[in-house]
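Reader: Please take me through one part of this model in detail. I would like the helix packing and the pocket beside it, with the terms spelled out.

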Amino acid sequence: MAISLNILLLINFGWKQEQFAKKVERPMHFIIITYVLTIAIIPLVSETYNPLCGTCFLNVIWDTCSTKDEGELCIVRGNEQVQGTVFIILIASSLFALIFCTVAMVWVYLHVRRQE
């Protein structure tokens with residue numbers, strides 16, 4: 001997304017690279033780093049990273065309960081709410097990035113095409 005935004009501002013709006021660096025680059029890096037750290041740390045704190053097929057993944061470990069009826073399962077490690085929320089955030093942000101990059105690059109394409 002950052003590169004798409006950079007190209008869009010440079011080509012369509014006539015920004016200089018120095019102008020982009022001063023106005024957009026620092027806030028953009030802050031947002032990216034904050035987002036990534038938040039998405040990584042929340043499942044870590046809630047112990048939602050668990051082994052799944054040889055990798056660490058956002059999943060919940062279930063096992064039989066000693067306090068409930070036989071056959072019922074309890075969560076041994078993890079949090080279903082955190083797992084679901086993080087999945088929704090990841091899917092929504094992926095779709096947003098896909099739509100933003102597509103629109104930005106089509107806009108750049110149309111702008112360049114009009115100049116020919």
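Author: Start with the helix pair. The axes of helix 2 (residues 17-45) and helix 3 (residues 80-115) cross at roughly 160° and come within 10 Å. That makes helix 2 roughly antiparallel to helix 3 (over 145 degrees). Axes are lines fitted to C-alpha atoms over the stretch in contact, with angles from 0 to 180 degrees between N-to-C directions. Helices are DSSP runs (H or I, at least four residues), numbered from the N terminus.

This is a predicted model: local features need pLDDT of at least 70, side-chain atom pairs count only at pLDDT 80 or more, and totals for chains, interfaces and linings use all residues. Residues are numbered from 1 along each chain as its sequence is written, and side-chain values use heavy atoms, without hydrogens and water.

Now the contact (heavy atoms within 4.5 Å). Helix 2 brings Tyr 35, Ile 39, Ile 42 and Pro 43; helix 3 brings Val 82, Val 86, Ile 89, Leu 90 and Ser 93. Eight of these residues are nonpolar, one is polar and none is charged.

Next, the largest pocket. It holds about 340 Å³ of space. A pocket is an open set of points on a 1 Å grid where a 1.4 Å probe fits, with protein on both sides within 12 Å along at least five of seven lines; lining residues have an atom within 4 Å of a point. The lining includes Met 1, Tyr 35, Ser 93 and Phe 100. Helix 1 (2-11), helix 2 and helix 3 each supply at least two lining residues. Helix 2 gives the most, with five. The lining has 11 nonpolar residues, one polar and no charged.

Key
Angles under 35 degrees count as roughly parallel, over 145 as roughly antiparallel, 65 to 115 as roughly perpendicular and the rest as oblique. Ala, Val, Leu, Ile, Met, Phe, Trp, Tyr, Cys and Pro count as nonpolar, Asp, Glu, Lys and Arg as charged, and the others, Gly among them, as polar. Grid points are joined across faces, edges and corners, and a volume is the space filled by probe spheres set on the points.
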